[in-house]
Amino acid sequence: MQILLDQSVAEGRRVNAVRGRFNAREGLARLLAGTGLSIRADYGHTILLAATPAPRPQAPPPILAPAAPEPDVAVEAVIIAGYRASLASAMAIKRQAAGVVEAIVSEDVGDFPDANLAESLQRLSGVSIERDAGEGRALSVRGLGGDFVRVRLNGLETLATSGGTGAATNSANRTRGFDFNTFASELFSTLTVRKTASAEIEEGGLGATIDLQTPRPLDTPGLHATVASQAAFYELGDRQAYPRVSALVSDTFAQDRLGVLFSVAYSRRRSLEDSYNSTGDYIASFNGGFCPPTGAACPGGGERSTAEAYGVITAGSPVTYMPLVPRYGRYSHDQERLGVSATVQARPREGTLLTLDYFASRYDEHRLDRNIEILSLNRDNRGAPDPRFVGRPAMAVTAAQVSPQGELVYARFDNTDIRTEVFADDFVTRFDQLSLKLDQTLSPRLRASVLLGRSRSRFSDPNQRLVGYDAFDQDGVVFDARAKGEVPILRFGSGLDPASAGAWSFAEGYSEIRRFSNFIDNRYDAAQAHLVFDARPGVTIKAGVSLRRYGFDQTRDQRSAPFTSVPAVGDLRDLSVLVDRWGVSLPRAPGGISAWLSPDIDAFERRFGLSCNCVNAWGDWRMAAAGNSRLENRGVIEDDLGGYLQADVVGQVGAVPLRLVAGLRYAATRQHAYGLTTTGEWQHDRRRYDNLLPSATLVGDLTPDTRLRISLARTMARPALSALTPAGVLTSDSAGLKYLTGNPSVSPYQATNLDLSIDHRLGREGLISASVFHLTIDNFPQALSRVGVLADTGLPNVALPAGATNLTPVAITQVVNTKGGWLRGLEIGFQKPLTFLPAPFDRLGVMVNYTRIQSALDYVLAPTAPDQTYRAPLVGTSPTAINATVYYQTPRYAVRLSAARRGEYTRTVPSRGGVCGPEATAECPTPYIADVDGADATFNLDASASLNLTGRLQLTLDLLNLTDQAQSYWTGAARRGPLVYGRTGRQIFLGARWRY
């Protein structure tokens with residue numbers, strides 16, 4: 001640390017003698033008390049002192065008796081603890097940083113009523129989260145999602161991925177985005193979000209770098225221990241209590257030169273989620289349209305549509321949009337989360353510090369999705385040998401109503417196929433990281449640090465299965481979404497009793513047994529070396545180099561036999577279970593069903609051996625990389641070399657202290673991408689690219705309490721993993737041939753970031769801050785589709801389907817570079833204990849953050865026509881977000897109420913990709929929809945309370961999701977067609993915490 005003071009001001013002054021252990025600011029305050037000197041600016045590593053301004057002249061005091069001699073100079077100690085103390089520590093981190101930084105410290109995490117890291121981080125300005133099955137999983141910072149946010153654990157970049165568990169996300173994470181539901185928040189001491197870039201921070205994020213820090217034993221010398229245990233209750237579960245426990249023990253030895261710390265956290269959760277899901281919208285003419293009222297006989301020879309209803313659907317301008325597979329679902333979740341952290345620190349001599357960190361986490365999920373759905377809307381099987389299997393072309397529309405925006409809001413169908421299905425997952429995420437860091441003082445002016453580490457995240461879902469029954473040609477099937485804000489009414493046929501086994505068939509050639517296996521492996525190996533040189537007072541030079549290897553491997557197999565190859569089962573009663581009391585937590589009009597029969601996946605497993613990977617008397621259950629699964633067999637190896645040079649200059653211009661941090665970072669990326677082709681061969685691609693990333697931040701202390709920052713930086717983020725696959729896969733469906741391929745030559749995302757922020761300290765614990773920011777994105781890779789011929793794919797003739805030639809049309813989807821867009825926003829934050837209020841209200845405190853964002857990106861709809869674009873906000877960007885916490889704290893008890901509101905945001909642009917648009921024709925079987933899918937605004941309210949029974953024992957109560965906030969997604973910016981609606985219920989955690 002450097003302490004700067006003008007020599008002319010220092011002459012003739014003597015500081016106080018001080019003995020004891022203090023932090024830098026406390027120690028200086030005691031040294032300088034009564035000297036006429038004070039801290040003018042504190043930049044963490046550099047503190048600038050100045051003469052204390054003389055007080056204004058006042059009238060002479062009255063003559064009094066001689067005063068007694070003054071005692072030794074002392075500074076009054078104001079002790080703050082608990083949540084207030086953690087907020088004050090976070091404020092100090094924010095103030096001392098050169099760039100724009102937000103932080104949560106110590107009890108901020110342990111005491112917030114949060115289930116995982118994502119829900120802790122949403123308390124920070126500019127951070128929004130997306131929940132999955134009632135828990136925070138993914139987040140965005142200033143509107144930029146997971147692919148643009150880097151995460152470091154104990155200083156090393158890392159990645160942990162899991163599988164989707166809710167109504168809207170049922171697939172594994174195959175991106176660079178971090179899944180925050182894999183870690184328990186109790187294991188961390190500090191969470192830091194760095195919103196501005198600097199040369200010393202590794203490249204890779206346009207939005208932010210998030211640092212997760214575990215506790216350090218030498219930071220708190222002596223023996224410390226904490227044990228916490230809670231019983232968790234979930235409103236929509238089985239009403240049983242499930243455990244949430246954590247423990248930490250830390251001690252130091254050898255005169256506090258050696259420290260050891262161990263912590264563990266475990267939780268179990270079982271809950272239910274009832275939901276509606278349309279699986280998407282598409283146009284009415286898709287999949288062959290409906291049976292017309294006149295003309296040739298319809299497939300199967302069934303009833304025709306009425307002229308009136310058919311006219312309503314076909315009169316859309318330009319088209320009518322309707323749900324693809326409207327369904328009711330019940331999703332059961334059985335989750336376990338276990339995490340451990342261990343740290344050993346040694347300070348063998350002054351100036352040397354060794355830190356060995358180990359972190360491990362295991363996240364298990366057993367999920368059952370039970371759906372009942374109108375299936376034939378998503379089928380076009382006009383060539384099927386059995387007329388029952390035709391799908392939409394055989395459906396008759398007998399009544400219809402379309403909104404002015406073109407959305408089908410009511411329809412009654414005949415000749416309609418219904419399905420009940422169960423989808424089962426058993427997935428596990430195993431994460432571990434080991435790192436070793438050396439901090440060494442080489443001389444009074446030169447310091448060095450070296451960090452080595454390895455992390456690995458392994459996701460496995462080896463036995464993903466689906467079994468579905470069918471009820472054919474049902475009449476009087478109803479879809480009714482006229483009541484906005486409610487779950488659409490689905491009636492599955494006037495003559496169908498969905499709870500009866502006799503209503504269902506398990507038909508060879510149509511009903512299905514699917515099985516998949518999924519494995520995703522993410523690995524990081526890293527080495528860093530840094531030098532810090534105090535060139536002269538107020539000038540610090542930093543330089544460093546980093547080596548990093550990132551590996552990503554994904555394998556996916558599926559049942560090699562056709563999914564519709566199913567055994568003859570006879571009576572379904574012994575193979576089924578009843579779903580009952582569905583929808584009791586959902587807002588819906590009367591008339592829909594509340595119970596149906598569902599396949600019992602365990603019973604099917606016992607009878608038929610679905611997971612044997614063999615051929616038995618019941619069927620062929622072998623697994624292979626077949627069909628679309630071929631594209632999911634791929635990998636990427638990236639070798640990143642980075643180096644930087646940075647200057648940190650502290651000085652004063654007139655009466656204003658200034659700090660300038662400027663530097664240049666060089667990043668070289670060597671990339672090896674590989675993937676499995678349609679012919680079963682591995683295709684490889686190698687390339688290299690370089691980036692120069694300058695950055696500069698100017699900090700000025702306008703007053704001792706007011707600090708202004710201006711930052712400008714060039715940033716980059718490497719392309720999404722799915723974009724880099726060199727291989728392609730050829731598939732076919734009723735719409736024709738499709739060729740899906742990546743593009744390993746796609747360029748990284750690149751942007752220029754400009755930030756202006758100001759904050760003003762309100763006493764020791766208060767702060768008001770404001771930031772404006774602007775991001776110009778130069779390159780933004782997008783996945784686009786076009787109509788080509790098979791010759792464009794480069795596939796050999798042996799890989800072409802029977803009857804196809806090189807001139808056969810094919811829809812080709814590939815990632816290409818596009819020109820990007822912009823994002824700008826405003827952040828305002830305020831925190832302060834309200835000690836100025838009269839008792840007992842002086843124990844109150846507040847923290848409020850507000851974010852406003854605007855963004856625009858020109859989404860290209862067809863690569864052959866780059867000027868044909870659709871302008872929309874960046875995916876995942878909410879225009880407004882606000883979070884607030886009100887707390888009341890006394891030495892005896894504490895209460896907190898935390899609210900978070902996130903405005904609506906887009907989730908998919910365009911709504912549906914295609915090769916042309918907007919209507920389906922013989923030449924354009926899969927048109928795109930130039931619109932957006934999005935999510936409704938959310939408001940979550942959580943509460944926490946604690947009562948100190950003794951100095952060491954505390955009772956705790958956490959209440960989560962008090963508003964029972966729904967997860968509600970829609971399709972179409974103007975149409976607002978219902979896409980997903982579900983609730984997961986409230987959560988209650990009751991327990992105790994013991995500290996030593």
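Mentor: We'll take the cavities, then some strand pairing. This is a predicted model, where local features need pLDDT of at least 70, side-chain atom pairs count only at pLDDT 80 or more, and totals for chains, interfaces and linings use all residues. Residues are numbered from 1 along each chain as its sequence is written, and side-chain values use heavy atoms, with hydrogens and water left out.

Trainee: How many cavities of 30 Å³ or more are there?

Mentor: There are 13. A cavity is a set of points on a 1 Å grid over the protein atoms alone where a 1.4 Å probe fits but cannot get out; volume is the space filled by probe spheres set on the points, which are joined across faces, edges and corners.

Trainee: And how much space is in the largest cavity?

Mentor: About 410 Å³. Its lining has 35 residues, each with an atom within 4 Å of a point. Ile 129, Arg 131, Thr 938, Asn 940 and Gln 965 lie nearest the centre.

Trainee: Which strand gives the largest share of that lining?

Mentor: β5, with 6 residues. Strands are DSSP runs of E, at least two residues, numbered from the N terminus.

Trainee: Switching topic: what does β37 pair with?

Mentor: β37 (749-762) pairs with β38 (766-779), antiparallel, over 13 bridges; pairing takes at least two DSSP bridges. Arg 761 is opposite Leu 767 in β38.

Trainee: What's in the turn of that hairpin?

Mentor: 3 residues lie between the strands, and Gly 763 in the turn has a positive phi of about 75 degrees. β38 also pairs antiparallel with β41 (821-833) over 11 bridges, where Leu 775 has Leu 823 in β41 as its bridge partner.

How values were computed: 1 Å grid on protein atoms, 1.4 Å probe; cavity = no way out; pocket = protein on both sides within 12 Å on 5 of 7 lines; lining within 4 Å. Helix = DSSP H or I, 4+ residues; strand = E, 2+ residues; numbered from the N terminus.
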